[in-house]
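Biologist: I have a model open and want to talk through its packing. Can you take me through it?

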Amino acid sequence: MNAFWSKLSPRERNLAVATVSVILVALSLLIAVRAYGRIHQLGLTIDQLERDLEKYVELDARGVSVERAFVDVAAEHSSAWSHSTIHNRLRTEIYNLAKDENGEGNLIEIPRLRQGALKEYDGYREYKLNIRIPETDIYSLIIFLSRLQQSNQSLRIDGLEVNRAPSSVLANARIDVTRTVVDGAPENDTMVYVPPEDLQVATWDGSRLGAWKGTGCGLMLSKHVLGVFAADGGMCLAASATQPDASVAMTHELEPGSRYELILDAACDEPAVLHVGDAANNALLEGAVELQSDGRMHRYTVQFTVPATAPATTAAPYIVLSKAGTSVYLDNLDLKKLPE
């Protein structure tokens with residue numbers, strides 16, 4: 001090689017060096033272009049996989065929501081229910097759906113509900129009931145119809161008649177509602193326990209703000225918990241503290257001297273404490289629990305006794321957010337009176 005190189009003239013040597021350099025540069029550019037194309041393709045693949053993962057997480061959350069909805073519906077069925085039991089449960093549900101969000105009044109006024117007709121079929125029964133609504137505004141009527149459709153008691157609207165006088169902005173309505181009761185609902189180890197009606201004080205599943213009150217914090221319904229879809233795919237209450245020692249609470253009229261159990265799902269990103277009672281009136285009861293501030297939903301159970309001298313209105317829960325900027329998420333509240 002040295003002999004060959006020494007025989008070359010300076011011009012030939014320069015030409016050989018230039019040729020080799022061009023070849024090396026061309027190979028480098030080819031490798032760089034291929035590497036860039038490969039990296040770009042990997043980036044597109046990663047973006048697609050992230051979109052697929054987000055879609056699968058949402059589908060999984062919806063699947064959990066469907067399973068939970070099925071359990072809730074199945075818990076509302078019994079082949080042993082009589083005609084009067086079905087009517088009373090449906091009447092209670094309709095009156096609850098007709099209440100205003102804050103629970104202090106009625107969204108619409110419903111007169112006395114008369115007995116309906118019960119028909120039996122193979123494996124299920126249908127109870128048909130007619131609801132007559134006096135004059136009300138169309139907006140309230142639409143909200144009530146939406147609540148009927150979303151009820152977990154398997155309600156179906158079979159007929160709707162709306163009438164309005166030409167000179168009036170109010171309308172009256174007649175609604176035919178059917179409730180389907182499945183005979184022999186499947187037994188499941190994961191079935192949610194539904195306490196007797198006389199022991200159930202309150203339940204809340206994120207469908208609306210209801211009786212929640214916030215002091216020093218903003219309240220809203222959210223499908224996310226700290227940026228992640230709620231595990232059940234439904235809504236939850238999101239409270240964000242705008243000042244130190246903010247609080248969020250739901251109040252109830254409880255019987256003095258009785259013992260109660262509160263079950264609640266909660267998540268927070270900063271320290272927060274779950275109380276029962278009203279701190280403003282120095283009436284906090286026993287059972288304070290510090291919430292885990294890991295940003296994940298946890299289920300908390302608190303049992304407490306309402307003193308005989310306690311005020312009739314009790315906050316259960318009463319959650320204190322010690323730092324401004326703290327976010328807490330609440331869902332699946334269940335408050336019941338314990339048997340004596």
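**Helix 4 and the cores**

Modeller: In this predicted model, the buried residues of helix 4 are Ser140, Leu141, Phe144, Leu145, Arg147 and Leu148. Buried means under 20% relative accessible area, exposed over 50%, partly exposed in between (1.4 Å probe, protein chains only). Helices (H or I, at least four residues) and strands (E, at least two) are DSSP runs, numbered from the N terminus.

Biologist: Why do the buried residues line one face of helix 4?

Modeller: Seen down the helix axis, they fall within an arc of 160°, so they line one face. The arc is that of the directions from the axis to the C-beta atoms.

Biologist: Which residues are exposed on the other side of helix 4?

Modeller: Tyr139, Ile142, Gln149 and Gln150.

Biologist: What caps the N-terminal end of helix 4?

Modeller: Asp137, with a side-chain oxygen 3.3 Å from the backbone nitrogen of Tyr139.

Biologist: New topic. How many residues are in the largest nonpolar core?

Modeller: 32. Those with the most contacts inside it are Val248, Leu291, Phe304, Ile319, Leu330 and Leu335. Such a core is a set of buried Ala, Val, Leu, Ile, Met, Phe, Trp, Tyr and Cys residues joined through side-chain atoms within 4.5 Å.

Biologist: Which strand supplies the largest share of this core?

Modeller: Strand 12, with 5 residues.

Biologist: And what does Leu291 touch?

Modeller: Among others, Ala266, Tyr300 and Ile319, leaving out residues up to four places away in sequence. Contact means heavy atoms within 4.5 Å.

Technical notes: Residues numbered from 1 in each chain as written. Predicted model: local features only at pLDDT ≥ 70, side-chain atom pairs only at ≥ 80, totals over all residues. Heavy atoms only, no water. Polar contact = N/O pair within 3.5 Å; in protein donor to acceptor, adjacent residues only side chain to side chain.
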